[in-house]
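Take a look at the two chains below. The report asks how they meet.

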There are 2 protein chains.
Amino acid sequence: MQKSVIIVAGGSGKRMGSEIPKQFIELNKRPVLMRTIDKFYAYDAQIEIVVVLPMNLIPIWDRACLEYNFKIKHKVAIGGESRYHSVKSGLFAVTPGSLTAIHDGVRPLVSVETISRCFKVAEEKGNAIPAIQPTESVRAITGTGNRVLQREDVQLIQTPQVFVWEQLENAYEQEFTTEFTDDASVIESYGFRIHLVEGNRENIKITTPTDMIFAKLYFESESSSSE
Amino acid sequence: MQKSVIIVAGGSGKRMGSEIPKQFIELNKRPVLMRTIDKFYAYDAQIEIVVVLPMNLIPIWDRACLEYNFKIKHKVAIGGESRYHSVKSGLFAVTPGSLTAIHDGVRPLVSVETISRCFKVAEEKGNAIPAIQPTESVRAITGTGNRVLQREDVQLIQTPQVFVWEQLENAYEQEFTTEFTDDASVIESYGFRIHLVEGNRENIKITTPTDMIFAKLYFESESSSSE
């Protein structure tokens with residue numbers, strides 16, 4: 001079955017306190033977004049790759065690809081108002097019928113094993129969403145204060161979230177609502193059941209400067225251990 | 001007001017796949033547990049420090065203190081069957097009436113600001129529990145599958161959890177139940193209301209080998225940036 005991945009790289013970098021959008025910040029000499037693409041290419045060199053970028057960043061990405069001599073074949077789609085709209089834009093560039101992953105551009109620490117697990121389960125069950133159990137205690141905020149949740153019952157959701165084409169083409173025809181907090185919630189809202197699979201703990205979404213420090217250190221250590 | 005901290009270091013290292021209990025693994029040339037104690041000493045050199053260790057590790061800790069020339073004054077208490085029992089053992093070594101923090105021995109990345117914030121709020125409100133909002137989407141496991149939770153309503157709980165003496169002396173008289181998943185849950189079970197304060201994102205509980213890699217890299221980078 002044809003496999004595709006939509007890599008959503010819509011962030012503007014505001015939460016990083018950085019002028020450079022975080023998908024362009026270097027991790028051991030290569031931008032975050034290239035590191036992310038590398039992982040899917042390592043999983044399957046034949047995978048169809050669609051990168052979704054805000055319009056104003058597309059020329060910057062094109063130039064970066066030249067500067068870094070980045071040769072992995074990919075299409076570029078224009079990002080939209082929200083995650084939902086960006087994914088929908090990416091879907092137009094995907095070969096119809098593909099088993100399709102949706103992945104955050106700022107998750108370069110995803111493991112090839114996680115990618116492989118998600119595609120495998122999605123092909124069997126219709127979709128696969130990687131998740132990990134928190135190592136922390138968890139509390140829920142309530143109207144009057146807060147209460148403890150059973151940690152075993154809580155899952156932190158990662159990407160890539162992989163879906164068969166039938167689920168995507170139907171669910172992304174729905175009218176947008178702010179309840180679409182991630183890709184799985186769009187699919188779930190249409191009525192499909194969500195299947196969770198094991199993610200990998202280091203597969204963080206680079207959101208804060210601390211996350212970026214961790215990711216930098218991780219890639220530096222990976223490169224020094226392979227020398 | 002007298003301030004105290006009970007540092008619970010009861011882990012046996014099984015989840016790390018390591019022969020060395022994780023509180024003794026070196027982070028940039030000093031064991032995890034010393035790094036953790038350093039943070040409370042940096043917050044307040046007058047703080048009373050009680051370290052709770054399993055009986056069989058106490059001679060190893062004593063020898064490590066000599067080997068590393070570790071001079072920060074502290075008492076040692078013997079750990080129990082569960083977290084609850086270890087904390088209770090630590091409480092016997094604390095000066096009665098203290099504003100008392102309970103902290104995980106394997107959280108050396110707590111910031112002095114977080115410690116300070118917790119003591120300050122606990123003095124005003126009776127207790128303070130540091131927490132952060134997850135950066136991930138969150139799902140709850142249900143009887144029939146899973147469902148999305150509103151991320152804004154979920155908090156990941158850290159330590160130090162700080163309490164006024166009255167709350168500790170009453171709550172730790174309760175009979176033990178397996179519902180005591182952390183220190184706050186013991187206090188809450190007695191009927192006190194829990195106050196959440198902002199933690200710091202890098203304040204991870206070192207649980208897996210990946211966490212240890214992050215913590216090592218963090219301390220190495222901290223030391224190289226201060227040279």
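Predicted model: local features only at pLDDT ≥ 70, side-chain atom pairs only at ≥ 80, totals over all residues.

## Extent of the contact

Chain A gives 42 residues to the contact, and chain B gives 42 residues as well. Together the chains bury about 3,600 Å². Carbon and sulfur atoms account for 57% of that area. On the side of chain B, three residues stand out: Glu136(B), Arg139(B) and Phe214(B). They supply 20% of the area that chain B buries against chain A, more than any other three residues.

Four salt bridges are counted between chain B and chain A. In one salt bridge, the side chain of Glu188(B) meets that of Arg139(A), at 3.1 Å from N to O.

## The side of chain B

Which elements of chain B give two or more residues to the side that touches chain A? The strands are β8 (137-141), β9 (146-149) and β10 (154-157). The helices are α6 (183-190) and α7 (209-225). Helix α7(B) provides the largest share, six residues.

Strand β10 of chain A, residues 154-157, pairs with β8(B). The pairing is antiparallel and runs over four bridges. Within it, Ile157(A) stands opposite Ser137(B), a residue of β8(B).

Methods: Residues numbered from 1 in each chain as written. Chains lettered and ligands numbered in written order. Heavy atoms only, no water. Contact = heavy atoms within 4.5 Å. Buried area = accessible area lost by both parts, 1.4 Å probe. Pairing = 2+ DSSP bridges.
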